[in-house]
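Visitor: Please put the sequence and the model on the screen. I will then ask about them piece by piece.

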Amino acid sequence: MSPYSYGRPALKGSVDVQLQTAFSDGNWQTVVRLAAKRAATLKDPYYEAVKICAESQLDGTAKKCGLLVAVDELIKNKKTPDIDTIELYEWACRDFLGYEVEYADTLGPLRARWAKAYPGSSLALQCLQACLENWDLVSAQQISTSLDKTYANTADRRYMFWNITLTFLLSISPQCTNASRKVYSMLAVRQLERAADLTENAAKLESTDRGLLTEEEICLYYRVLLSHGTKEEFISRLKSPKLGATSQLKAGRKVLLCESLDALQTWGEWDLIYNLCREALTLGLEGATTPFFLCDLQLWRKFASAASKVTDSESALGEVQALLKRYIDIKDKASEMYKKNLSLALLETTFRLPAATLNPNHDNAGLSPRVVQIGLFLDQYFERLSAFDDVKSYVAELGFEEVKTLMETVLPKIPDENADKGRQTVLKALECKLRYLLSTCPQTLSPQPSVVDGQIQDKAFQCRLCNNPASLPCETCLKKLVVDAANTYRQIAGDKELLGSIPRMDKDPRLDLALVMGTSLLKLSGLRPRSSEASQSLWQDVEPGLFLQAVLLLDTQLKETPGDTELRLLLVQLYLLLGCASYAHQLWTPLDVKRTIQDSLSPLFFDRISTLSPGLFQGTRPLMEPLRSFYSHTLSDKSPVRIWDAFSAGSYTSILDMTEFDGKLRRSCTLMMTLVEERRAIRCYGGKIDCEIEDHPLTENINDETTLVDKTDYGPFPNLESLHGPPIHEYLRLGPGLSNERSHLAFLSEQYLDLLAYKPPKDYKPSRNTNDVALRDREYTLETLSRLSNSLTDFLHHPSTPSRLTAGETSYYTILSLLAAALLVALSTPRSSSDPVPQTLSSLTQSIKSAFASLQTTTPLIPTPQKEEGKKKPLPEASCIATLPEMPTLACIRATALAIRHSAGFVLALDEQDRKGGLHRDVLAQMKVLHELGGKGVGEVKAAVQTVKAGLGEAGWLDRVLDLVFGEEEEEETEEGDEVTRAVEEVVGGRAGAEEWAGRVVESWREGVKGWGMVRME
Amino acid sequence: MANFRRFRPDDLNKLSKCNLDPFTETYELSFYLQYYAKWPSLFQVAEDQHGNIIGYIMGKLESSPDVYRFSEHYLPWHAHITAVTVAPEARRLGIGKLLTEQLEVAADANDAWFVDLFVRVSNHKAITFYKNMGYSVFRVVKDYYGEHSTDPTLLSEDAYDMRKPMKRDVKKEHVREDGEKHEVDPSDVW
């Protein structure tokens, strides 16, 4: 059994059978007795180690301490223990690692000591593996140095590169002291430079030579150079005949080129990028590589972009076009993918050409070469699912005249005369998407005077497409777009031939049309990005009818295309926004977000979920268990997952990338979100939290200095927006996305709540002098409060923080920072009837009261919908549903109120416990006020939940929702706005078709409120 | 629209376009990283202009354990395709074929005798795809899959073990014409 996996090791071969058997059976009392006997008889210290290890398996703290003392003695003793003893101790210490025993201070150095003494033994390699798997880089580096010296100039080149890789890893690791960092950095660079020089100068390199031979070795060199070398060294080597990027390409190695271009781009070395791309692409034409080996779009884009930035850009761009033409001439031999890449490269090049080159005579500005190229591209690819995404950024770059020509002249001519209805419909759907895109582009607007014909204009612009006063997006254009898209949708739905042709298409055109209609309706409803600046109430932002029409329409489409993940994700977000968390969860589940992809995708559902719908956590299976298991399982070891595999295989760049990835995973915002959301939900229902968040194994290395990383993947969202505005997911989130700032504040706030909730374990028996214990506890509390107060304040004062939080969250964290400061003052103030309490305490309590009052007033518990100017229809009197999307804010009010109450309660309880006198009476008075304030606040939240619950319990909700969507049945219809409603109605099958949907929405609201009804309010 | 390059661990945060598709399996992190650690040149991705992964192939290089050297089922040094997938939006562009060809290049560079893979016998589309690329059925692995993909009444499904000879196999010793007639048990497959 290998020692590093912590299976019970076999005792060494010379041990007698009786002891071996007792040990393998785990018969520890017998092992202790027999080992003691053998130690006395044989005078072999190994038996003493066996005895100590066996004792450590018995109950009792003293026995366990014996093991730690023995290990400590081995460290202090400069002798080299035998490997069997080390393995035995390593196994026995397995449960103490990371707590009482730091591997890097104990077993790692012992292993390094042994490996240095016996570098030729195969067990030295095991020592290296053990140190790596415990991520003790200092010892691992020392062992690798010994191994490298022992096996220098052998055919196994790994020893040399393990040493270099570990020296480099150590130089960038927190395990390295600042004093040593420079030495290790230089050591790694110099060793690799020597190897590189050897390669450059040798006519032929043998595997026993210490030069750079394999792709991994060469890439490692460049990675180290990039990190620790100079730009000049990097560039100089990149041009070299043997180790340069071009020579590597000739050997079929592409990695170096890709990585170098990225580095050169960050340095703005456009001449070099241009030359490198030209050389690389020429290789394919000259037969030095397979022709299309390098025909990646990224390479062409970098080539064109660099050409537009070099000194003689005109001639450089001419060169790009000439090379591209040579490729186009042979494109018949290429696969579809490369053909398309070449077409896109042509588009890219055209858009990078200066305007004067494109159209020297300035004639027919509309039908410019750029429009012609887009037309040619779409002519070939309009039926492809990715066609819109391919041309989107180029269309958004066009001038207005070009846009007009594209939409009015070029697009209609794309399908040939014989094009079937299916192809025409696909084009129609693409046209709708482009129209939507253009509604987000500023070139479709022109400024208009603020007063026209004596009338003050409320819109600052005029739409150049429809000539109506407009802002971005133009409402008139969007309404027309909804009506047109709905017409096309109905035509498809009513045409059997068309419906029959859908399975043969890349994508169901109804899906595109539904997305266009849905997002247009969302924009028309007034929905804005859910940033910290957005008004907190969804219903104050949006017109309910149009918003609900969007949701209904997209939901209807999901029944037709249930497998479409873009649409499903969009709906998940919309239902969360609407306060229908249980229904959102039903839609989320089939996406089967599991295992590895949870880190990047889970925030799309779980972020803020405990504040929106704590009831979801009350299911039979813990809601976030798979996510928690993923982290616990993946990060259980200190080393990056599978790192030894990469060492064994000699995959040096993999080692570096895996280490970096592991570091980010341990600092993941999603990880912090998982821990915090679960704890919040547990507290909602009075459950028991397993351990303090700071003691949780997953937060072991997180402190204020740690930058937490948000890796949320928004890739699967449909995005019809141009780059001139925010992407669609920013409109749909409950608030700003995950961030370093919010994650830290959440982490600190949980630590504060842990402090308030702390109770000594039941089996804890303080020493006789209870006064000392109380004093030490008080000291610890004050230190913690001081630290938390400072850290919370620091994070709240980061310039970026306000934009990372909702208004409710800002209030919550601000009040927590004030509470920590107030408690610090309260508990530090000595009881003395003569001295008044410091003024700071009353200032702090006053600030807490004002901040809490502000939180309550800016976000009324039951918002009263008001008709805003310009809005068609406010939410009706049924104000209880207005609260549903605001549950996260309600949760903030509850959490804040409880924090205030519990903080005051914490101080008052300490006063009661302190038999010798307690706290200053003014402090107690202020705390009683806060205690009451918190209690009152919670009571108001409770009342609000009951009001909503009672309101939703009334009959007639189905009709009320349908009335919101379509208007009341007896209501008179008004012109254009209702043209939109009629269009939607026809797509979704009218009120009758929407009844089931309305039922699901109401049911989900009720489920959410039911969960809230069970939340503890004390 | 696509770039082909070697996989990087950060790509795991950009897999949604492929892995939210129900036909693509999501594995544990250690599974992906094992491939990246051991055979980085056989783990290739295709990415779109926004950095989303729209296709990938994972493969490995290995031979059967030495203890089976004299078994009739012994597999000499070869490359194996473990997974290949293309996002729905990037299909019909030949990305799967290009990824497979790249793996074959890596297999040749590592002196493999052949490239092999397993496919459900009911997956006619994939079988045709591989046949067009020069793969042929080498043997049928009975009841290899624990469930049937199309017939819920069946408890298992056979797999075709398909192979394509690489440059090293000049005499085409490691492929056979009548592979469909050679049936083996899952226990014969390592």
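**Strands, contacts and loops**

Visitor: Which residue of strand 7 of chain B stands opposite V137(B)?
Guide: This is a predicted model, in which local features need pLDDT of at least 70, side-chain atom pairs count only at pLDDT 80 or more, and totals for chains, interfaces and linings use all residues. Residues are numbered from 1 along each chain as written, chains are lettered from A and ligands numbered from 1 in the order written, and side-chain values use heavy atoms, without hydrogens and water. Strands (E, at least two residues) and helices (H or I, at least four) are DSSP runs numbered from the N terminus. In strand 7 of chain B, the residue opposite V137(B) is M162(B).

Visitor: How many bridges pair strand 6 of chain B with strand 7 of chain B?
Guide: Two strands count as paired if DSSP finds at least two bridges between them. Strand 6 of chain B covers residues 136-145, and its pairing with strand 7 of chain B is antiparallel, over 6 bridges.

Visitor: Which residue stands opposite M162(B) on strand 5 of chain B?
Guide: Strand 7 (residues 157-165) of chain B also pairs with strand 5 (residues 114-120) of chain B, antiparallel over 7 bridges. Across that pairing, M162(B) faces L117(B).

Visitor: What is the bridge partner of V140(B) in strand 8 of chain B?
Guide: Strand 6 of chain B pairs with strand 8 of chain B in the parallel sense, over 2 bridges. Strands of a sheet pair through backbone hydrogen bonds, either parallel or antiparallel. The partner of V140(B) in strand 8 of chain B is E183(B).

Visitor: Which strands are the edges of the open sheet in chain B?
Guide: The sheet has 8 strands with mixed pairing, in the order 1-2-3-4-5-7-6-8. Two of them pair on one side only: strand 1 and strand 8 (183-184) of chain B.

Visitor: Which residue stands opposite F461(A) in strand 5 of chain A?
Guide: Chain A has an open sheet of 3 strands, order 1-4-5, with antiparallel pairing. Its edges are strand 1 (445-447) and strand 5 (469-470) of chain A. Strand 4 (residues 461-463) of chain A is joined to strand 5 of chain A by 2 bridges, and there F461(A) faces A470(A).

Visitor: How much area do chain B and chain A bury between them?
Guide: Contact (heavy atoms within 4.5 Å) involves 40 residues from chain B and 53 residues from chain A. Buried area is the accessible area (1.4 Å probe) that two parts lose on being put together, summed over both. Carbon and sulfur atoms carry 54% of it, and the total is about 4,200 Å².

Visitor: Which element of chain B supplies the largest share of its side that touches chain A?
Guide: The two chains share 7 salt bridges (a side-chain nitrogen of Lys or Arg within 4 Å of a carboxyl oxygen of Asp or Glu), one of them between R6(B) and E216(A) at 2.6 Å, N to O. Strand 1 (3-6), helix 1 (16-19), helix 2 (29-38) and helix 3 (95-109) of chain B each give at least two residues to that side. The largest share, 8 residues, comes from helix 2 of chain B.

Visitor: How many residues apart in sequence are the parts that K507(A) and E566(A) tie together?
Guide: The structure holds 85 salt bridges over all chains. K507(A) and E566(A) form a salt bridge, with the closest N and O atoms 3.9 Å apart. K507(A) sits in the loop between helix 25 (496-501) and helix 26 (509-524) of chain A and E566(A) in helix 29 (residues 565-578) of chain A, so the separation is 59 residues.

Visitor: Where does P473(A) lie?
Guide: The peptide bond from L472(A) to P473(A) is cis, with omega near -5°. P473(A) is in the loop between strand 5 and helix 24 (475-493) of chain A.
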